[in-house]
There are 4 protein chains.
Amino acid sequence: MTSRYVINASVHPKGSLETLSQREVQQLSEAGSGSTYALFRQCALAILNTGTQIDNAKTILEAYEDFEVRIHQQDRGVRLELINAPADAFVDGHMISSTREMLFSALRDIVYTENELSSTRIDLSSSEGITDYVFHLLRNARILHAGAEPNMVVCWGGHSINSEEYQYSKRVGHELGLRNLNICTGCGPGVMKGPMKGATIAHAKQRLVGGRYLGLTEPGIIAAEAPNPIVNELVILPDIEKRLEAFVRVGHGIIIFPGGVGTAEEFLYLLGILLHPDNADIPLPVILTGPSDSAPYLQQLHEFVGATLGETAQQRYRIIIDDPAAVAREMVKGLKEVKDFRCERNDAFHFNWLLKIEEGFQHPFDPTHENMASLQLTRDVPPHELAANLRRAFSGIVAGNVKDKGIRRIEQFGRYEIHGAPEIMKPLDALLQAFVAQHRMKLPGGRPYEPCYRVVS
Amino acid sequence: MTSRYVINASVHPKGSLETLSQREVQQLSEAGSGSTYALFRQCALAILNTGTQIDNAKTILEAYEDFEVRIHQQDRGVRLELINAPADAFVDGHMISSTREMLFSALRDIVYTENELSSTRIDLSSSEGITDYVFHLLRNARILHAGAEPNMVVCWGGHSINSEEYQYSKRVGHELGLRNLNICTGCGPGVMKGPMKGATIAHAKQRLVGGRYLGLTEPGIIAAEAPNPIVNELVILPDIEKRLEAFVRVGHGIIIFPGGVGTAEEFLYLLGILLHPDNADIPLPVILTGPSDSAPYLQQLHEFVGATLGETAQQRYRIIIDDPAAVAREMVKGLKEVKDFRCERNDAFHFNWLLKIEEGFQHPFDPTHENMASLQLTRDVPPHELAANLRRAFSGIVAGNVKDKGIRRIEQFGRYEIHGAPEIMKPLDALLQAFVAQHRMKLPGGRPYEPCYRVVS
Amino acid sequence: MTSRYVINASVHPKGSLETLSQREVQQLSEAGSGSTYALFRQCALAILNTGTQIDNAKTILEAYEDFEVRIHQQDRGVRLELINAPADAFVDGHMISSTREMLFSALRDIVYTENELSSTRIDLSSSEGITDYVFHLLRNARILHAGAEPNMVVCWGGHSINSEEYQYSKRVGHELGLRNLNICTGCGPGVMKGPMKGATIAHAKQRLVGGRYLGLTEPGIIAAEAPNPIVNELVILPDIEKRLEAFVRVGHGIIIFPGGVGTAEEFLYLLGILLHPDNADIPLPVILTGPSDSAPYLQQLHEFVGATLGETAQQRYRIIIDDPAAVAREMVKGLKEVKDFRCERNDAFHFNWLLKIEEGFQHPFDPTHENMASLQLTRDVPPHELAANLRRAFSGIVAGNVKDKGIRRIEQFGRYEIHGAPEIMKPLDALLQAFVAQHRMKLPGGRPYEPCYRVVS
Amino acid sequence: MTSRYVINASVHPKGSLETLSQREVQQLSEAGSGSTYALFRQCALAILNTGTQIDNAKTILEAYEDFEVRIHQQDRGVRLELINAPADAFVDGHMISSTREMLFSALRDIVYTENELSSTRIDLSSSEGITDYVFHLLRNARILHAGAEPNMVVCWGGHSINSEEYQYSKRVGHELGLRNLNICTGCGPGVMKGPMKGATIAHAKQRLVGGRYLGLTEPGIIAAEAPNPIVNELVILPDIEKRLEAFVRVGHGIIIFPGGVGTAEEFLYLLGILLHPDNADIPLPVILTGPSDSAPYLQQLHEFVGATLGETAQQRYRIIIDDPAAVAREMVKGLKEVKDFRCERNDAFHFNWLLKIEEGFQHPFDPTHENMASLQLTRDVPPHELAANLRRAFSGIVAGNVKDKGIRRIEQFGRYEIHGAPEIMKPLDALLQAFVAQHRMKLPGGRPYEPCYRVVS
């Protein structure tokens with residue numbers, strides 16, 4: 001680490017934190033310690049490393065162990081003092097503008113918003129309350145543009161995909177950008193960066209000023225998946241469920257690229273919502289796409305949906321193989337329907353209020369043996385609940401195979417007992433094995449996959 | 001009233017109310033009844049009459065007795081339905097843009113802000129809390145522009161001045177505008193309009209885009225003094241004291257034109273603040289000005305200040321007679337000092353945080369016999385307190401002469417007993433008599449002025 | 001003249017003269033002498049007096065006899081040095097922006113454009129060539145905005161009208177401005193200023209940024225009718241005929257207010273063009289309007305047209321009395337037709353290419369006895385030629401009564417002999433007498449009107 | 001060619017060709033044939049292929065042999081009809097905005113400007129006249145921004161460099177962009193694209209709107225080196241010498257990357273100008289830079305300059321190896337000096353008027369045996385003339401080795417006889433051999449290098 005360059009600097013905010021009251025500044029500076037501080041410091045460090053090639057959170061954190069960020073109060077406003085900050089974030093002593101913006105986005109979302117919202121009327125115990133909370137976070141981050149056309153395309157997929165899949169995601173982004181569509185991803189590299197990069201060049205070609213590259217992240221992810229420098233709007237949601245809700249409420253269409261188990265979970269989350277009877281008439285274009293080599297993978301996912309959730313579920317998305325222009329054209333068509341529907345129903349363009357998201361989707365699922373045992377995975381539960389349960393089961397099994405906590409649980413209490421019908425559990429098992437075979441689920445220590453559950457009836 | 005034209009219309013917001021949550025919209029629509037409704041309806045009617053020549057609140061209210069405004073909720077946002085609205089606010093069925101803006105400013109400040117702030121952490125029991133409240137109201141109205149140069153000139157003076165004084169205020173506004181300064185007044189006609197009109201033409205001459213014409217008003221005044229159509233930023237503060245605080249916190253300099261008893265009270269309010277020891281070093285240029293004919297009036301005010309508050313008080317302002325260009329040049333010089341001071345002290349340009357305003361100035365003074373008797377009007381109280389007490393005494397005596405409630409009190413309990421030193425009370429009495437003589441204080445029924453108080457020692 | 005304030009200053013251009021080649025700068029500086037210099041000096045002085053109340057060219061020229069303007073060459077561009085310039089054009093030593101703009105508009109149009117165009121391919125001997133010349137002057141002045149909506153309303157009328165007519169023109173301008181229409185006039189006071197002033201306030205009310213107040217003038221007029229300070233685009237055309245052509249090619253509709261003999265001539269010019277068979281299908285809304293008191297005057301003009309040019313001519317305009325809103329609504333309707341027509345015919349919005357203007361309209365008419373005698377004023381000439389001849393006859397007779405040169409000609413050679421049919425000459429004579437009676441044609445020395453012509457058959 | 005996709009389309013101009021006179025449109029449409037047409041068609045085809053990977057002019061021209069472009073006249077303006085155009089230039093039937101812009105840039109520069117300038121006062125027989133011509137072409141293309149900071153950095157170098165050199169040019173562009181500098185290159189791939197790409201990303205990081213990527217090309221090059229899609233301002237100069245003059249007049253600093261013989265010629269051109277005694281005091285930062293592996297090449301160039309033109313010549317540039325940030329910092333420093341100098345001398349920022357360019361540099365050099373024999377390559381000619389002669393000799397020898405015409409001349413008339421001193425000719429020969437060895441000069445058919453000249457005394 002002798003070659004590590006660091007810098008000390010003091011930066012002022014730009015944007016939403018420019019006009020703070022004295023009390024707000026004081027609250028901010030008080031937050032310069034404790035657990036909120038640790039969280040903010042970690043996010044700040046991730047942001048200051050934006051653009052470097054290291055995307056290993058641990059490595060970064062270790063490399064800049066002595067990094068500190070202090071929040072100072074001044075009559076005039078708030079000021080951040082950075083000590084031993086990565087020098088790459090600066091040019092001739094001045095912090096790069098995008099880095100400065102993101103740094104204050106983090107301060108806003110982690111410290112300010114928390115203070116602001118915690119002290120008031122947010123009701124996190126009801127579904128409406130949580131949606132309201134997500135709305136306030138997004139509005140406070142100034143990403144809800146009243147009146148803007150519905151053209152925000154969410155791109156989901158793996159962040160450690162192969163080069164061919166990455167190039168493909170860039171080409172899709174390019175075709176979306178040529179049609180003046182904006183991109184929203186979860187920040188970080190891989191599919192989170194490819195479409196933004198493609199769209200940036202396409203927007204330049206179309207002389208589009210004001211192209212949006214929206215990154216939605218959360219504290220647990222940002223360190224490992226630092227926002228790529230193209231992101232020009234960044235929101236740090238408090239947890240995974242709020243972040244997922246933000247995606248489906250601000251996105252007007254969703255493209256799913258090949259990815260790992262995380263992407264599959266997101267896909268099941270989405271199907272669970274779209275299959276809710278209240279959402280039957282709400283248009284939301286969903287496209288699964290990838291290069292030719294990814295066709296078998298997408299086909300398998302498709303068959304799994306057919307086998308478990310049925311044809312209705314399959315009709316909520318389209319699969320397009322190796323044809324970026326067709327993906328973009330199909331998306332344009334779908335967004336037209338979204339626009340017509342919102343106009344007709346008088347719903348906002350900037351936030352999908354009408355979409356029903358049940359409370360079950362808004363809270364984390366903890367895969368204890370008890371919770372896993374209580375999942376209903378049979379045909380007699382309605383499809384949208386089945387989708388939700390499948391997502392939970394999938395998530396639990398993945399945890400039991402790859403996560404420290406999950407593996408330890410299995411070691412301690414034995415395999416999960418899942419109450420599932422064979423016609424559902426068999427496809428699930430097949431899917432999991434395929435993920436392993438395709439290196440989309442990485443087992444620790446390279447050991448072979450072994451089911452961490454058994455089906456009971 | 002047979003020739004009265006009315007129109008029914010439905011309007012959508014533009015600006016800060018475009019992105020509301022469903023809960024916020026619901027709260028708004030619930031406010032469509034009760035006392036908040038009455039207040040909002042009255043302000044709305046005043047705004048819809050902007051630009052007409054009638055500035056008599058009572059006449060307007062009577063002319064449009066059947067006017068109604070309904071707040072509707074839609075998934076997409078809020079919508080106002082107007083019934084029997086004055087037709088002058090519309091062109092070929094479309095509401096004039098500035099009227100629409102002001103209408104939603106009123107909705108924002110009266111209904112939305114009230115809801116928002118009442119439910120949360122505003123602490124109206126401390127001086128800091130009140131300042132914080134004023135800050136939040138102003139920030140929510142988006143009038144605090146971070147980084148903008150300190151060039152907001154507050155103009156105070158009468159709203160029913162003579163034609164010569166009106167023309168003079170226009171000429172001063174013109175000279176201010178030629179130097180790219182912005183104008184803030186209390187809305188309404190007279191001195192509230194003259195400087196804005198002059199500045200508008202001057203800004204056009206200087207090709208200045210984005211000139212600001214800020215109107216600060218309150219519900220009790222707006223009906224009688226409707227915002228003139230030049231106002232392009234409107235804030236409705238909840239009461240007179242909040243409005244006065246807003247003036248001195250957002251204004252970078254203050255010009256006082258001839259006016260009535262109200263203007264004199266504002267002048268005493270200002271001196272009370274500026275004489276506070278904590279504010280001794282804070283620059284705030286104050287200029288008293290008027291045409292030649294107003295010189296004796298300004299001279300008298302000046303002598304009154306000298307006789308009661310002393311030379312130190314006189315040094316906080318300058319008097320310039322009949323020279324608009326000199327007024328503007330002096331203001332430019334003063335604003336330069338304000339800028340240097342704020343830079344040096346790191347204070348915000350958009351809000352004068354450093355100015356000390358004691359709690360006594362933030363609450364209304366009720367001139368009961370008891371309150372009047374407890375005022376200390378002697379040389380042994382510090383000047384800033386004496387200024388505050390003088391303002392209260394002045395205000396109480398005016399009330400005792402011209403206001404219904406005040407007159408009735410005097411009739412019931414006899415004259416006020418004021419504990420004042422003769423060297424202070426005599427100049428006060430002289431000033432009051434001069435106001436009457438110059439028709440600047442109008443006694444009901446044209447009866448002669450008779451002191452409603454007696455001095456006790 | 002002891003109280004006259006003057007200033008010496010040096011100003012740099014802004015706008016089209018910012019990027020000049022060295023050769024262009026050299027040509028400009030060479031023009032700092034000779035007849036072009038005299039012309040430029042005169043226009044510059046008029047512009048520097050913009051906004052003052054003196055609108056008497058002679059007075060201004062005499063008051064600033066020692067005013068000089070020098071054109072300097074610098075590697076970096078051109079610079080104007082002003083010596084003994086009116087101090088009113090400056091604020092604290094800095095020239096007012098609009099004045100600076102207009103000054104360089106004059107330099108551009110008088111010096112630069114002349115150089116530019118004279119040396120090249122302009123063909124002033126053909127009708128197309130003259131139109132091309134007008135087009136180049138306007139494009140070089142950057143007033144042709146490709147793609148802008150057809151909403152430029154030309155306002156014609158007297159510059160020394162009575163107060164009632166002035167107020168009325170302001171009200172009409174206000175109603176036009178409320179409908180987002182732009183104003184084009186001939187600069188100067190009276191009807192040239194009223195509609196612009198009304199529109200300025202209306203545009204502010206509608207929050208319209210970029211409202212256009214286009215002034216078209218020529219060197220012979222500008223000194224007497226200095227551009228009012230609201231004008232934000234100024235073009236100095238080389239003579240009256242080019243200026244008239246500019247009006248009808250850039251205007252999308254025309255409003256004629258009461259005026260003097262000049263306005264009547266403009267009206268006949270317009271009818272002459274509109275009655276040309278090639279222009280029969282080309283929409284161009286024309287409205288004659290005035291306050292109630294002006295109704296008889298407009299009625300008389302209308303009857304004169306009916307009696308001489310017939311009903312077809314009367315159908316090319318509408319008369320609306322004392323109803324500004326109706327005028328604006330009618331104009332909006334007419335502009336809609338203009339837009340539809342141009343779209344259909346693929347003609348530009350910014351220049352009325354399709355309008356046929358015969359060469360006779362593009363050259364000045366010199367009212368010699370010979371020229372007057374050769375005018376055909378009978379029913380057997382086509383209406384558009386009759387209109388042209390009427391305009392010439394009218395112009396000649398006015399000159400014979402009021403202009404130095406004309407009066408001397410009559411004194412020398414006796415009355416004009418005009419070959420006219422009685423049914424045309426009688427209404428003409430009646431019209432002229434009415435103009436005298438209404439003080440719209442001012443006879444020198446207040447002597448009574450006496451026809452300066454006799455009709456021969 | 002079965003897989004070739006073509007499209008027919010009709011496009012309207014945007015930008016400078018929006019407001020044309022009828023005569024101008026007619027002239028344009030007449031140019032739709034003859035040699036100007038052939039030139040325009042070729043450029044149009046190159047532009048329509050922008051962004052594809054094929055950079056072989058011949059291949060493109062053959063692939064779209066049936067491509068046609070027709071210029072149509074409409075009252076409203078000009079319209080281009082494209083037949084059998086490459087489909088890649090369109091998205092869902094709409095031409096990509098940047099392509100449309102460049103297409104009309106070509107029309108403007110090749111057809112319109114030619115017409116415009118040929119018919120007028122351009123004097124191509126004097127040095128000042130040629131400079132004036134270049135100025136008018138650039139101004140007409142609207143790339144001269146009055147008042148903009150001097151921050152246009154010209155990047156020269158090879159268009160077929162190796163991958164390492166390409167990556168390095170991107171990194172340099174990135175560092176320049178981070179410091180808000182703009183990029184000007186000669187269009188095409190390689191070093192012409194690398195710095196623009198790097199700067200684009202850096203400008204996005206710095207949130208810089210309005211970054212400039214200026215491409216200067218000429219008809220003989222554009223087909224082989226199509227403008228890369230990042231170029232947002234394109235000018236097609238009429239020939240190589242005008243293009244070189246444009247570079248040094250609009251660029252505020254120059255960076256030279258490794259390249260082939262063309263780059264070496266440009267370097268000698270630049271030195272020839274900078275060594276002129278009149279230019280001795282004029283600052284123009286010049287930096288030679290490349291990755292580590294290119295160090296020997298740059299060193300050799302440096303030594304050649306030292307051996308032939310001497311130390312004074314070496315002091316007009318700096319060499320920086322493998323340090324993009326240092327290059328950018330050095331450039332920032334140099335641009336500061338340029339700015340100070342121009343301010344002091346009152347020279348324009350947008351065009352380097354003060355730079356003396358002798359007529360010899362403004363005309364092509366034809367390497368006949370006679371011309372080659374008359375070159376003076378001895379120490380007794382002044383350095384700036386020696387530099388000019390070296391460039392000519394170098395250019396002639398390269399032609400004699402690689403160009404059809406040159407090779408044929410040598411075959412026909414034998415080797416060139418060059419009158420040169422050995423201390424100059426030896427380094428020249430060494431340089432040429434090194435270029436061959438490094439594959440920077442490609443000999444036809446892979447045959448070995450053999451000097452095509454002999455030195456005579």
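A salt bridge is a side-chain nitrogen of Lys or Arg within 4 Å of a carboxyl oxygen of Asp or Glu. In this predicted model, the side chains of A:Glu241 and A:Arg391 form such a pair, with an N to O distance of 3.8 Å. Across the interface of domain 2 of chain A and domain 3 of chain A, the rule finds 2 salt bridges. Polar contacts between domain 2 of chain A and domain 3 of chain A amount to 3 residue pairs, with both residues at pLDDT 80 or more.

## Domain arrangement

Chain A is divided into domain 1 (6-115), domain 2 (145-357) and domain 3 (365-456). The C-alpha centres of domain 2 of chain A and domain 3 of chain A are 26 Å apart. To their contact, domain 2 of chain A gives 24 residues and domain 3 of chain A gives 23 residues.

## Buried area

Between domain 2 of chain A and domain 3 of chain A, about 2,000 Å² is buried, and carbon and sulfur atoms give 66% of this area. On the side of domain 2 of chain A, the residues that lose the most area to domain 3 of chain A are A:Val261, A:Glu265 and A:Phe304, which together account for 27% of what that side buries.

## The domain 2 side

Three helices of chain A, namely H9 (240-250), H10 (261-274) and H11 (295-309), each supply at least two residues of the side of domain 2 that touches domain 3. By class, this side of domain 2 of chain A has 14 nonpolar, 7 polar and 3 charged residues.

How values were computed. Residues numbered from 1 in each chain as written. Chains lettered and ligands numbered in written order. Predicted model: local features only at pLDDT ≥ 70, side-chain atom pairs only at ≥ 80, totals over all residues. Heavy atoms only, no water. Domains from an automatic or database assignment. Contact = heavy atoms within 4.5 Å. Buried area = accessible area lost by both parts, 1.4 Å probe. Polar contact = N/O pair within 3.5 Å; in protein donor to acceptor, adjacent residues only side chain to side chain. Helix = DSSP H or I, 4+ residues; strand = E, 2+ residues; numbered from the N terminus. Nonpolar A, V, L, I, M, F, W, Y, C, P; charged D, E, K, R; others polar.
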